[in-house]
Amino acid sequence: MYYELRTYTIKPTKLADWLALYKSDALPLQTEVLGNLVGFFVTEFGGANQVVHIWAYESLDDRQARRTRMAADSRWLEFSRKNKELDAVMNLESRLMRPTDFSPLQ
């Protein structure tokens, strides 16, 4: 398995609006296409206004195929338009991680 950890830094005062948009427009599609949501979090301490989510993929090819399929979906294009219009995301960091042989998550 590979795990993608995505961290979004959201503009102050826009976190609730971004979460609502994500929950209504992106999450249903991502759950359908990407499939394996490990967790979805907001920061309590440390970096302020951050959203962190983790997705699991069977392989790098699996990730690429799923994300390509999602990017071509009209629902994703509509979410992307609304997301750009909301102008809430300041930064996105994506890390692709491979578990060690002793990790509880494999």
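## Helix α3

Helix α3 has 13 residues and spans 18 Å from its first C-alpha to its last, close to the 18 Å expected at 1.5 Å a residue; the expected span is 1.5 Å times one less than the number of residues. Helices (H or I, at least four residues) and strands (E, at least two) are DSSP runs, numbered from the N terminus. This is a predicted model, in which local features need pLDDT of at least 70 and side-chain atom pairs count only at pLDDT 80 or more, while totals for chains, interfaces and linings use all residues. Residues are numbered from 1 along each chain as its sequence is written, and side-chain values use heavy atoms, with hydrogens and water left out.

Trp-76, Phe-79 and Asn-83 are buried in α3, where buried means under 20% relative accessible area, exposed over 50%, and partly exposed in between (1.4 Å probe, protein chains only). Seen down the axis of α3, its buried residues fall within an arc of 60°, so they line one face of the helix; the arc is that of the directions from the helix axis to the C-beta atoms. Ser-74, Lys-84 and Glu-85 are exposed on the other side of α3. The cover over the buried residues of α3 includes α1, α2 and β4.

## Aromatic pairs

The structure holds 5 aromatic pairs. Rings of Phe, Tyr and Trp (its six-membered ring) pair if their centres lie within 6.5 Å; planes under 30 degrees apart count as stacked, over 60 as edge-to-face and the rest as tilted. The rings of Tyr-22 and Phe-40 have centres 4.9 Å apart and planes at 35°, so this pair is tilted. The pair links distant parts of the chain, with Tyr-22 in helix α1 (residues 15–33) and Phe-40 in strand β2 (residues 37–42), 18 residues apart. Tyr-22 is buried at 4% relative accessibility, whereas Phe-40 is partly exposed at 29%.

Trp-76 and Phe-79 form another tilted aromatic pair, at 5.0 Å centre to centre and 40° between the planes. Trp-76 and Phe-79 are 3 residues apart in helix α3 (residues 74–86), so about one helical turn separates them. An α-helix has 3.6 residues a turn, so residues three or four places apart point the same way. The relative accessible area of Trp-76 is 15%, and that of Phe-79 is 4%; both values fall in the buried class. Ring pairs link Tyr-8, Trp-18, Tyr-22, Phe-40, Trp-76 and Phe-79 into a cluster.

## The sheet

An open sheet is formed by 4 strands in the order β2-β3-β1-β4, with antiparallel pairing. The edge strands are β2 and β4 (89–97), each with a single partner strand, so one side of each has no neighbour in the sheet. Neighbouring strands are turned by 10° against each other on average, direction ignored. Axes are lines fitted to C-alpha atoms, for helices over the stretch in contact, and angles run from 0 to 180 degrees between N-to-C directions.

Two strands pair if DSSP finds at least two bridges between them. Strand β1 (residues 2–10) pairs with β4 in the antiparallel sense over 8 bridges, and Thr-7 has Glu-93 in β4 as its bridge partner. Helix α2 (residues 60–72) packs on the sheet and touches β1, β3 (50–57) and β4, its direction making about 45° with that of β1. Contact here means heavy atoms within 4.5 Å.

## Strand β3 and its partners

In β3, 8 of the 8 residues are buried, so the strand is largely enclosed by the rest of the structure. Gln-50, Val-52, Ile-54 and Ala-56 point one way from β3, while Val-51, His-53, Trp-55 and Tyr-57 point the other way. β3 pairs with β1 in the antiparallel sense over 8 bridges, and Trp-55 in β3 is the bridge partner of Glu-4. The antiparallel pairing of β2 and β3 runs over 5 bridges, with His-53 in β3 as the bridge partner of Phe-40.

Gly-39 is found in strand β2 and is buried at 10% relative accessibility. Residues up to four places away in sequence aside, Gly-39 touches Val-52, His-53 and Ile-54. The C-alpha atoms of Gly-39 and Ala-56 are separated by 9.8 Å, the two residues being 17 apart along the chain.

Ala-65 is found in helix α2 and is partly exposed at 49% relative accessibility. The C-alpha atoms of Ala-65 and Leu-34, which are 31 residues apart along the chain, are separated by 9.3 Å.
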